[in-house]
Protein chains: 2
Amino acid sequence: MHVLITGAAGMVGRKLAERLAREGSCAGRAISKLTLSDVVPASLPAELANRATIRVEDSGDAAVAKALAALRPDLIFHLAAIISGEAERDFDKGYRVNLDGMRNLLEAIRHEGGAAYAPKFVFTSSSGIFGAPFPPSISDEFHVTPLTSYGTQKAIGELLLADYSRRGFVDGVGIRFPSIVVRPGKPNASAGGFFSGIIREPLQGVEALLPVGDEVLFTHASPRSAVGFLIHAAGLSREELGTRVNLTMPGVCVTVGDQIEALRRIAGDKAVKLIRRAPDPASSAIVAGWPTRFDAKRALALGFTAERDFDEIIRVHIADDLGGHLPN
Amino acid sequence: MHVLITGAAGMVGRKLAERLAREGSCAGRAISKLTLSDVVPASLPAELANRATIRVEDSGDAAVAKALAALRPDLIFHLAAIISGEAERDFDKGYRVNLDGMRNLLEAIRHEGGAAYAPKFVFTSSSGIFGAPFPPSISDEFHVTPLTSYGTQKAIGELLLADYSRRGFVDGVGIRFPSIVVRPGKPNASAGGFFSGIIREPLQGVEALLPVGDEVLFTHASPRSAVGFLIHAAGLSREELGTRVNLTMPGVCVTVGDQIEALRRIAGDKAVKLIRRAPDPASSAIVAGWPTRFDAKRALALGFTAERDFDEIIRVHIADDLGGHLPN
């Protein structure tokens, strides 16, 4: 089986490629070829190095999308996207990458073969498709009213995916990620970056700023779970999915205060003391428009799993990104 | 005020232009100029003939959209669309007219002036954005999972409208029409055409075929109400609408059997005898995927009104399309 990952140099794309390489198969089929596409070079996973191709390109460009479809991958993970903050700052770029990029890829696949070529297409959507006001828990039947351009673009991607799937051009499934923490690496400027930062930095002995109150509620899953969602999605049949192919993923719904107590249990008071409260009304206002809690009943019934509690999310970070032990 | 109607030669567009011409104002402002755009020539409403311009063009074409935005209309009714059956038969045409047409017009407006030019933009959406399975009554917070390409294109139009409104490029409101009956004129081949046909034809002494069972439940409003929805929408402020700018309209929820009894009350057994039952499993299957009943709570709270019962819908047809009396 030939697997294509767009956005393969991103954090989730990299971890997905590594896991596919480690396992050598996906959805019960051996991987004979792996194509990693991104605007910057993805890294080559060692185990599949001789069967992997790195492509540096904009997968959302119509000509590039055509070239990728011509490779006729059996399974496509479409992760390429501009993140929320950038899509909000640069209106044209957000629509070009997140909307036109998705549509160009779907169109290229349709023109490549119609029913004769209809690959499995796993699309990463986001809980950002939802917009306040919210009920206490968001059901699988709650409507989609995004309050960002990013959320709008992802919601449109979901609609296109469902229609192209219904028409038989792709065999699609859309995966709405919750907040993915703990993100490894450097702090970034995204509005929700602190959810990772207040864990990641203290574990490294570094101070982290907390711009919102301890009562803020949010749903999280680890990067390992994010990869697990994508791989599990690739194995779902059309029959299991039915016509509603876009699914809200499960996660761990906790307050910032709960996150901090989990950190204390795992790394002690010393770590918690490195969290500095720096209330920022602007950040608080943004976060207040984000969804808090999901039922995710359909995803759970279809076998998707996330961590049980936030302690486990921290332990996954230590295992996967810190070599299995706390830095001294 | 300069008013632009796209799709002005269609049934609702024509009735909208006639009413605006008759009243000479909309949303409390006098109409100084009326531009009627369609791919076929719209008819000139007598009262505004010297202030109206007929344009024959494809308003969804990017260059035409640019030319229309350059006219800087204060109020735009965007009605131009390919209907459901055609969008399903011709995938490319449906996306080009219903999706690209909407986006091109919004983009042309954005580039025309940004915050300095942000017209009121009334978009006709459809209850076709919803897809089965349904609860007994569809709330304003029910999710959008269309089962046709037309419904997908309208749902995407709604998302774009909300994002362009949030950004301040337009002052948008999307109106989800229920079934609009009684449509005047000749029978058409649309899957829901019989909802009008079983009233319109018998009133003219002509036989009408009924392809579905009497128990089929559906929500209807008259063409007069459809025009009323659009005009009422034009008068709503951003503050009244909030961020959720797309609204499900109210209507009369009745079974086909109820429709027939209303016809009997108004035109007697003679008319009802002209309805010939011709069960068609294909039509029944299509209609089974369509939404039946709506709460429409937000629209009702915002002052939108439809008919009280189906008798009234028939009387509106007789008044508006048959010169006020039954043909002999």
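Predicted model: local features only at pLDDT ≥ 70, side-chain atom pairs only at ≥ 80, totals over all residues.
Residues are numbered from 1 along each chain as its sequence is written, chains are lettered from A and ligands numbered from 1 in the order written, and side-chain values use heavy atoms, without hydrogens and water.

**The interface**

A:Phe91, A:Leu159 and A:Arg244 supply 22% of what chain A buries against chain B, more than any other three residues.

Polar contacts join 32 residue pairs across the interface of chain A and chain B, both residues at pLDDT 80 or more. A polar contact is a pair of N or O atoms within 3.5 Å; within protein, one must be able to donate a hydrogen and the other to accept it, and residues adjacent in sequence count only if both atoms are side-chain atoms. Helices here are DSSP runs (H or I, at least four residues), numbered from the N terminus.

**Salt bridges**

A salt bridge is a side-chain nitrogen of Lys or Arg within 4 Å of a carboxyl oxygen of Asp or Glu. Eight are between chain A and chain B. Examples follow.

| Pair | N to O distance |
|---|---|
| B:Arg110 and A:Asp92 | 2.3 Å |
| A:Glu312 and A:Arg308 | 3.6 Å |
| B:Arg96 and B:Asp58 | 3.5 Å |
| B:Asp320 and B:Arg224 | 2.8 Å |

B:Asp320 lies in helix H12 (residues 310–321) of chain B and B:Arg224 in helix H7 (residues 223–234) of chain B, 96 residues apart. B:Asp320 is partly exposed at 36% relative accessible area, and B:Arg224 is partly exposed at 41%. Salt bridges with shared partners also join A:Glu88, B:Asp163, B:Arg166 and B:Arg167 into one network.

**A buried glutamine**

B:Gln153 sits in helix H5 of chain B. Its relative accessible area is 0%, so B:Gln153 is buried. Buried means under 20% relative accessible area, exposed over 50%, partly exposed in between (1.4 Å probe, protein chains only). Not counting residues up to four places away in sequence, B:Gln153 touches B:Ala87, B:Gly94, B:Tyr95, B:Asn98 and B:Leu99.

Terms used:
Buried area = accessible area lost by both parts, 1.4 Å probe. Helix = DSSP H or I, 4+ residues; strand = E, 2+ residues; numbered from the N terminus. Contact = heavy atoms within 4.5 Å.
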